[in-house]
Amino acid sequence: RTLASLPPHELMVMPALSPTMEQGGLASWVLKEGDAIEPGTVICEIETDKATVDFEAQDDGFLAKILVQAGAADIKVGTPIGVTVESADDVAAFANFSLDDADSAPKAASEAQPKKPEAPAPPPKLEEPRAAKEEAAAPPQKKKEAAAAAAAAAPEQAAAQPAANPQAKQPKQAAKPMDFPTAQSPLQPMLDKARADYEALYGPTLMRRISPAVEAPKQ
């Protein structure tokens, strides 16, 4: 009977009960083939170089087949030691299941995996325009001649530009403020006399005319 025709099942392997454990022994089986399994159920006892530890179940199921008998020693970590199934009806299908069948299971699973798709081919490389290639392949002397010709053509292009329009609008200048003549008030002589009388009695004051009066134009 092939592995593909067997009911869904899981392989119990020799666990690593410590970071440095590489192999161990199977001291005893607590359950027998066909027994029900619940989380926390002790399935068997594993013997390490330091102690004997209970191997407890993590999921529900049934012990379908014992692959390694009690008392076996130097079993490498990861070696299948038993088979579990989800339904009691599937236990009978593993009556003739052996350790050799368990060893061939990983190989068959790896062969059944689909191959990784090949990476797509890279896109074709675009060719540069012929003119760009010729320009890049031109000798240095031709490049210098082309640069000199471009420099000589620059003044001609500048002369061909239209001259500035003389009739173009010029910005307006700000208007200058107008100067108005200052007229002397007819009360000024009276104010001067009053100030002179005040100074004669009480002394000079700080009130002085800042600028000479400008006579009003005669009409």
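Two strands count as paired if DSSP finds at least two bridges between them. Strands are DSSP runs of E, at least two residues long, and helices are runs of H or I, at least four, both numbered from the N terminus.

Now the model. This is a predicted model: local features need pLDDT of at least 70, side-chain atom pairs count only at pLDDT 80 or more, and totals for chains, interfaces and linings use all residues. Residues are numbered from 1 along each chain as its sequence is written, and side-chain values use heavy atoms, with hydrogens and water left out.

Start with β2. Four bridges tie β2 to β4, residues 42-47, and the two run antiparallel. Leucine 26 sits opposite isoleucine 46 in β4. Strand β2, residues 23-29, also pairs with β7, residues 75-76, antiparallel, over two bridges. There, glycine 24 has isoleucine 75 of β7 as its bridge partner.

Next, an open sheet. Which order do its four strands take? The order is β1-β8-β6-β3, with antiparallel pairing. β1 (9-13) and β3 (36-37) are at the edges with a single partner strand each, so one side of each has no neighbour in the sheet. Inside that order, β6 (residues 61-66) and β8 (residues 80-85) run antiparallel, joined by four bridges. Isoleucine 66 has glycine 82 in β8 as its bridge partner.

Last, the surface. Leu187, Met190 and Leu191 form a nonpolar patch there, with about 340 Å² of accessible area together. Patch residues have over 30% relative accessible area and no salt bridge; nonpolar side chains (Val, Leu, Ile, Met, Phe, Trp, Tyr) are joined within 5 Å, like charges within 9 Å. Areas come from the Shrake-Rupley method with a 1.4 Å probe, and for residues only the protein chains shown count as cover. A salt bridge is a side-chain nitrogen of Lys or Arg within 4 Å of a carboxyl oxygen of Asp or Glu. Leucine 187 lies in the loop between α3 (140-159) and α4 (188-202).
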